[in-house]
Amino acid sequence: MVSSALDAMAGTAWGRWLGLVAAVWVQCISGNNYTFSNYSDSIKTLMGLTQLQLNGLSVAKDVGKAFGLLAGLASDRVPTWLLLAIGSLEGFLGYGAQWLVVSKTVAPLPYWQMCVCLCLGGNSTTWMNTAVLVTCIRNFRGSRGPVSGVLKGFVGLSTAIFTDLCSALFADDPASFLVMLAVVPAAVCAVAMVFLREGRGAVSDGGASDEADARGFAAISTLAVAIALYLLAADLTGLGGDGGVVSTVFVTVLFILLAAPVAVPAHVAWRSWMKTRKAANADAENTAADDSTTTTPLLLASKPAAEARGPGERPRLGEEHTIAQALSALDFWLLFSSFLMGVGTGLAVMNNLGQMGVAMGYADVSLFVSMTSIWGFFGRIASGTISEHFIKTRALPRPVWNAASQVLMCAGYVFMAFGMPGSLFIGSVVVGVCYGVRLAVTVPTASELFGLKYYGLIYNILILNLPLGSFLFSGLLAGLLYDAQATATPGGGNTCVGAHCYRGVFSVMAVACVIGFVLDVILSIRTKRVYAKIHEAKKASRLAATQRVS
C-alpha cells in the first residue's frame, strides 16, 4: 500500500521533481571514485608500492565500473530502490575495508585483496548512477540535456564536498576520509530509495511543461552554482579547514545549501494545489490538466518511421535500437572511441594528482583535487544546458561540444608538459572542465541516437571507457613512464621530483585528444539530420503550446 502511494506520487509533477532532488543528493555522494588521490599516498607508503603498483590499484578501482554492465542489465528488471541498495552496500564494504587498512586497524591486505576492495568501491557508483540517470531521464524525456548537466554536475561537486568536509571536520585525515566514503553514501541512498521512482504516467514533454521544467532546472542549476562558488571560495581562502567554530559554520551552511533544492518540488506542489483548487471552484472541465499523461515524442517522425521498417531493416539514428543494433552501428563506436580519448586521459590526471603534486613540489594536493571537482561541475552543468539551448535554437549537434572540449584539453596537456609555475593549478581546472563536458554531453547523446528502451545497458557499455581509459592512460602510460624517471626509495617504493616526471605522459595524452577531436567532428557531421529532427520536434511543441494558450 505504501509502495503504491509512492509510485502514484512519482507520477505527479511535484513527485518527479522530488525524485530529481533525491537523485541530486545521491549524485552529491557518487563521485567518491574520483577521490583516490586524497588517500593514495597513505596506501602507497603503508604497502611500500611503486608508482606502477599504485596505478594498478587505481585501475582496479576503475575496473569496478566495467561490472556496471550488471547494473545496466538490471535497470530494466528491478526497481530503482534495489539498484541503490546494492550500490550502497558495495560501497560500504569496499571503502570500509580500505579504512581498516589505512587506519592500521588491520595489517595491510595482500595486493590482490586491496584490488578487490577498490573494485567493489568503484562498482558501487555504477549502480547509483544507473538508478539515477535512467529514472530521471525517463521522467524528464524532453529535457535530457539539463537533466544530464544537473546530475553529472553534482557528481563533479561530490569530490570537493567530501574533500572540504574532511578538511573541516577531520583535518584531512585519510582514515576519517574513508569512513565518510563508506557511511555517507549508504545513508543518502536510504533516503533516495523512498522518493526516487519512475513515474508510470509520463508528464507531457511539450509546450508549457517544457517551460515549467526549464524554470525548475534553472532554479536547481542556480543553487548548484552557489554551492560550487561557496566551495571554491572555501578552497581558495582555506576558510573551511581552520577548525573550531569556523569549520562548524562552514559545514552548517554547506548542508543548508545542499538541502535547498527541495524548495523546487515544494513550489511545484503548491502551484499544483492552487491550480486544482481554482479549477474546482470554477467547476472546470479538466481539473488535472497539470498532470496530463500525453507524451510528445522527441522525434516527431520517429514512431511512423519505425513502424514502416521491415523485419530485417536497421533502425535509423534517433529511433529505438536493440543492444545488438547499437553495437553494430558505426556511430556508436565513434562515440565510444572519442569518449575514451576524453575521459581516459582525464582519469589519468585525476588518479595521479597526488604524485603529480609531489613531482611539482607541492606537499598538499587537496586543493588540486577540489579544483578538478569544482571546475568539472561547471563543465557538466554548463554543457548540458548550453547544448540543449543550441539544439532548440540552431539544431547544433550535441557532439560539437565534445569536439570543443578535446581542443581545450589538448591545450591544457601541452601547458602542463612544460611544467611552468602554476601549470598544475591551471591544468587541474582545464581537465576538470573538459572531463565534465565529456560526461554531461555524452550521456544524453547516447539516448538521443539510440533510444531509451535499452538506455541503462548502453550507458554502462559507454562507461566501460572509464576502466579501459584508466588502464591504458593511468595504469600503463603514466605508471611506466613515471617509473622510468623515478629513483628507488629505501622502503621499496620510488619517487620522482621535477617537471620531467610526467612530460612524456602529457605529450602522449595531447595527441590522444587530437584523435578524439577528429572522431567528434565526424560524429557531428553524421548526426546533423537527427538533431535537425529534434529541433523541429521541439519547435512544433512550442508552437502547439502557444496556440493552446491563445
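This is a predicted model: local features need pLDDT of at least 70, side-chain atom pairs count only at pLDDT 80 or more; totals for chains, interfaces and linings use all residues.
Local features require pLDDT of at least 70 and side-chain atom pairs count only at pLDDT 80 or more, while totals for chains, interfaces and linings use all residues. Residues are numbered from 1 along each chain as its sequence is written, and side-chain values use heavy atoms, with hydrogens and water left out.

A pair of aromatic rings is described by the distance of the centres and the angle of the planes. Rings of Phe, Tyr and Trp (its six-membered ring) pair if their centres lie within 6.5 Å; planes under 30 degrees apart are stacked, over 60 edge-to-face, and the rest tilted. The structure holds 19 such pairs. In one of them, the ring centres of Phe332 and Trp333 lie 5.2 Å apart with planes at 90°, so the pair is edge-to-face. Phe332 is buried, at 1% relative accessibility. Trp333 is partly exposed, at 38%. Here buried means under 20% relative accessible area, exposed over 50%, and partly exposed in between (1.4 Å probe, protein chains only). Elsewhere, ring pairs link Phe36, Tyr39, Phe162 and Phe177 into a cluster.

Phe332 also takes part in a helix contact. Helices are DSSP runs (H or I, at least four residues), numbered from the N terminus. The axes of α15 (residues 330-359) and α19 (residues 455-462) come within 10 Å and cross at roughly 45°. That makes α15 oblique to α19. Axes are lines fitted to C-alpha atoms over the stretch in contact, with angles from 0 to 180 degrees between N-to-C directions. Angles under 35 degrees count as roughly parallel, over 145 as roughly antiparallel, 65 to 115 as roughly perpendicular, and the rest as oblique. Contact (heavy atoms within 4.5 Å) involves Phe332, Leu335, Phe336 and Phe339 of α15 and Ile458, Ile461 and Leu462 of α19.

Helix α21 (residues 503-526) has 24 residues. From first C-alpha to last, α21 reaches 36 Å, close to the 34 Å expected at 1.5 Å a residue. The expected span is 1.5 Å times one less than the number of residues. Buried residues of α21 include Val505, Phe506, Met509, Leu519 and Asp520.

Lys104 sits in the loop between α6 (80-102) and α7 (111-139) and is exposed, at 64% relative accessibility. Ala395 lies in the loop between α16 (366-394) and α17 (399-418) and is buried, at 18%.

How values were computed
Helices (H or I, at least four residues) and strands (E, at least two) are DSSP runs, numbered from the N terminus.
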